Amino acid sequence: MIPQKAKILIIDDEEQNLISFKAAFRRTFDIFTANSAAAGLEVLRSEPEICVVVSDHRMPEKTGVKFLEEIRTDFPEIMRIVLTGYADLEATQDAINKADVYRFLNKPWNETDLLATLNSAVEHFNTKRELEHKKKELENAFSELSRFVYSASHDLRAPLVSVIGLINLAKMDPNFPKDDIYLPLIEKSIQKLDEFVKNIVDYYQNKERKESITVINMEELVEDAVHTLEFYRQESNVNFEKEFDIQFPVVSDEFRLRVILNNLISNAVKYQKKDETNKKIMISVQSSADNVHIEIADNGIGIKEASLPKLFEMFYRATNEDSGSGIGLYIVKDAVHKLNGRISVESEHGVGTKFIVDLPNKSTDHENHAH
Ligand code: ADP
């Protein structure tokens, strides 16, 4: 197949220039001509494949630079070249600032120079178009992949939740052998799998969801997180101490706050010392007009200092105890950032860990909206 010649449009009010341009370059390019800006626009509209426009600057109805500036919005990809008979400083400035002209060439043109300029303009156009195409492909592939992961994870949760329900029923069944060793192992594995799947769903939703700002009952949100944990992990021997100092109603995105609390509280439970007799988790929330301050502290295994800088990275795990996926804190950090907040951690290995979250309280914005 013969490669298609690149399409170039030349606009000049002097017919002779159009003829000589065509004669000089028709073997290399597919040349279109127009003797006015209006005629040029018509050609552009009927020939969508044109990749370079060369325009004379001095034309009776409109300057070349003005014309190129005007077509920029409708044909942003097209490479623009101006030909001018004499040095015109104003035109040069406009060409650079407003029309984003690729090159500025003097008239009468030097054929070799002009050919080189046209070739490089076409190459530029092709590269830009290819890049744009690849970018779109990449964006599509990414969004397809994340939608697939999301819907697969979402669909996986239903059977997992039903297995967890069945395990609970079996445990309550008086006919079920009390000394069965398999059921607790199945339960533990299923819970981990469910936690991982839930994390993936949260990750996707945190990325994609539009912010939805409401007044939030923090006591209820914390209570929910603790209850969910008790249901899933049967951690009844952990003491929760809760402290709320809500000076101003907390106004934020409930979904993201829930993700933050669930993950931090679940870690505080998960990384307790196995032999600790007084397992403790302190949760405190303070709100002012413009800030929500949350602290979640535990007396668990703690984190080594060397691990702290990497803690919020995706898939990073600071311990081999209790097999997690290392995605929870990454999602927490992402959710905190989405809310324009800050998160930090203080920890001492073997003693305990405290996560501190500060979020802007949108209390005042919300009131303004409400009135
Ligand atoms: P996961 O818990 O699935 O491993 P996370 O991203 O939630 O993943 O946490 C990353 C790592 O940070 C954990 O593997 C653990 O080593 C450490 N970590 C998180 N929270 C605590 C905590 N409260 N106490 C001790 N270590 C923690």
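**View 1. Mixed five-strand sheet.** In this predicted model, an open sheet of five strands runs in the order β7-β9-β10-β12-β11, with mixed pairing. Strands are DSSP runs of E of at least two residues, helices runs of H or I of at least four, both numbered from the N terminus; two strands pair if DSSP finds at least two bridges between them. β7 (238-246) and β11 (342-348) form the edges, each with a single partner strand, so one side of each lacks a neighbour in the sheet. Neighbouring strands are turned by 10° against each other on average, direction ignored.

**View 2. β7, β9 and helix α8.** Nine bridges pair β7 with β9 (279-287) in the parallel sense. Glu-241 stands opposite Met-282 in β9. Helix α8 (254-270) packs on the sheet and touches β7, β9, β10 (291-298), β11 and β12 (352-360). Contact means heavy atoms within 4.5 Å. The direction of α8 makes about 20° with that of β10. Axes are lines fitted to C-alpha atoms, for helices over the stretch in contact; angles run from 0 to 180 degrees between N-to-C directions.

**View 3. Parallel five-strand sheet.** Here an open sheet has the order β2-β1-β3-β4-β5, with parallel pairing. β2 (30-34) and β5 (103-106) are the edge strands, each pairing on one side only. The twist averages 20° from one strand to the next.

**View 4. β4 and β5.** Four bridges join β4 (79-84) to β5, and the two run parallel. Ile-81 has Arg-103 in β5 as its bridge partner.

Residues are numbered from 1 along each chain as its sequence is written. Local features need pLDDT of at least 70, side-chain atom pairs count only at pLDDT 80 or more, totals for chains, interfaces and linings use all residues, and side-chain values use heavy atoms, without hydrogens and water.
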